[in-house]
Amino acid sequence: MSPFHKARGLAVALGVLLMPAVAQASPEQDRATVAALDTEYQAAVERNDAEGMARILHPEMILVVGRGAVFTREDLLQAARDESYVYEHQVEEEGTQIVRLYGEDTAIVTALLWLKGTGPDGPFDRRLWFSDTYVRTPEGWRYAFGQASLNLPPPQ
C-alpha cells in the first residue's frame with residue numbers, strides 16, 4: 001500500500017472517530033421527550049424541587065408572565081428553594097398539551113395550566129395558557145423561554 005493510501009486511510013479513520021456521535025431522534029421521539037420534560041418540570045415546580053427544575057432549565061432561561069414581569073432561571077430556582085409558593089396543584093390540564101417542532105433543535109409546548117395554592121399575596125386558584133420553548137443542547141433538551149397568559153376568566 002502506498003504512503004498516499006495509508007495517509008488517506010488514516011485521515012478517513014480519524015474523521016470517523018472525530019464525527020459527533022449524536023444520533024438524531026425522530027420527530028415523534030423528540031415530541032415525546034419534550035412533552036415528558038415539560039410535564040416533569042410542572043411537577044418539579046409543584047413540589048418546589050429546585051434541583052429537578054435546574055436539571056431541565058436552560059442556563060439563560062427567562063419567563064415572561066401576562067402582567068409583564070420577567071423572571072430569570074435563578075429567580076425561579078430561588079422561589080422554589082424559599083418555598084415562596086406552596087402548590088396544591090400545578091398541572092397541565094389533560095388533553096391540552098401540544099408540542100410543535102421547529103427544525104431539529106427547537107420545540108414549543110403549549111398547554112392550559114391549573115395553579116392552586118398559596119403565595120406571598122395569599123391563596124390563588126387560576127388557569128392560564130402558557131408556551132414553553134425548549135432547545136436542544138449537547139446535554140439534551142432544555143427549557144429556555146416561557147410565556148404565560150393572564151389568569152383566564154372562570155368557565156361559564
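Of the 156 residues of the protein I am presenting today, 33% count as buried, where buried means under 20% relative accessible area, exposed means over 50%, and partly exposed is in between, with a 1.4 Å probe and protein chains only. Please keep in mind that this is a predicted model, in which local features need pLDDT of at least 70 and side-chain atom pairs count only at pLDDT 80 or more, while totals for chains, interfaces and linings use all residues. Residues are numbered from 1 along each chain as its sequence is written, and side-chain values use heavy atoms, with hydrogens and water left out.

Let me begin with confidence. The average pLDDT, which is the predictor's confidence in each residue from 0 to 100, is 89 for the protein, and 85% of the residues score at least 70. Over residues 4-22, however, pLDDT stays under 50, and for that stretch the model has one contact beyond four places in sequence, a contact being heavy atoms within 4.5 Å.

Now to the overall layout. There are four helices and seven strands, taken as DSSP runs numbered from the N terminus, with H or I over at least four residues for helices and E over at least two for strands. Read from the N terminus on, the elements run α-α-α-β-β-α-β-β-β-β-β. Among contacts in the protein with a separation of 6 or more, 54% come from residues 24 or more positions apart.

What kind of pair do the rings of Tyr41 and Tyr143 form? The structure holds five aromatic pairs, which are rings of Phe, Tyr and Trp (its six-membered ring) with centres within 6.5 Å, counted as stacked when the planes are under 30 degrees apart, edge-to-face when over 60, and tilted for the rest. The rings of Tyr41 and Tyr143 have centres 5.0 Å apart and planes at 80°, so this pair is edge-to-face. Because Tyr41 lies in helix 2 (residues 27-46) and Tyr143 in strand 7 (residues 140-148), the pair ties together parts 102 residues apart in sequence. Tyr41 is buried at 6% relative accessibility, and Tyr143 is buried at 3%. With Tyr134, these two tyrosines are linked by ring pairs into a cluster.

His58 is placed in strand 1 (residues 57-65) and counts as buried at 18% relative accessibility.

I turn next to charged side chains. The structure holds eight salt bridges, each being a side-chain nitrogen of Lys or Arg within 4 Å of a carboxyl oxygen of Asp or Glu. In one of them, Arg127 meets Glu93 at 2.3 Å, N to O, and this pair links Arg127 in strand 6 (residues 122-137) with Glu93 in the loop between strand 3 (86-92) and strand 4 (98-101), 34 residues apart. Both ends are partly exposed, Arg127 at 30% and Glu93 at 23%.

Another salt bridge joins Arg136 and Asp105, whose closest N and O atoms are 3.0 Å apart. Since Arg136 lies in strand 6 and Asp105 in the loop between strand 4 and strand 5 (106-119), the pair ties together parts 31 residues apart in sequence. Salt bridges that share partners join Asp30, Asp105 and Arg136 into one network.
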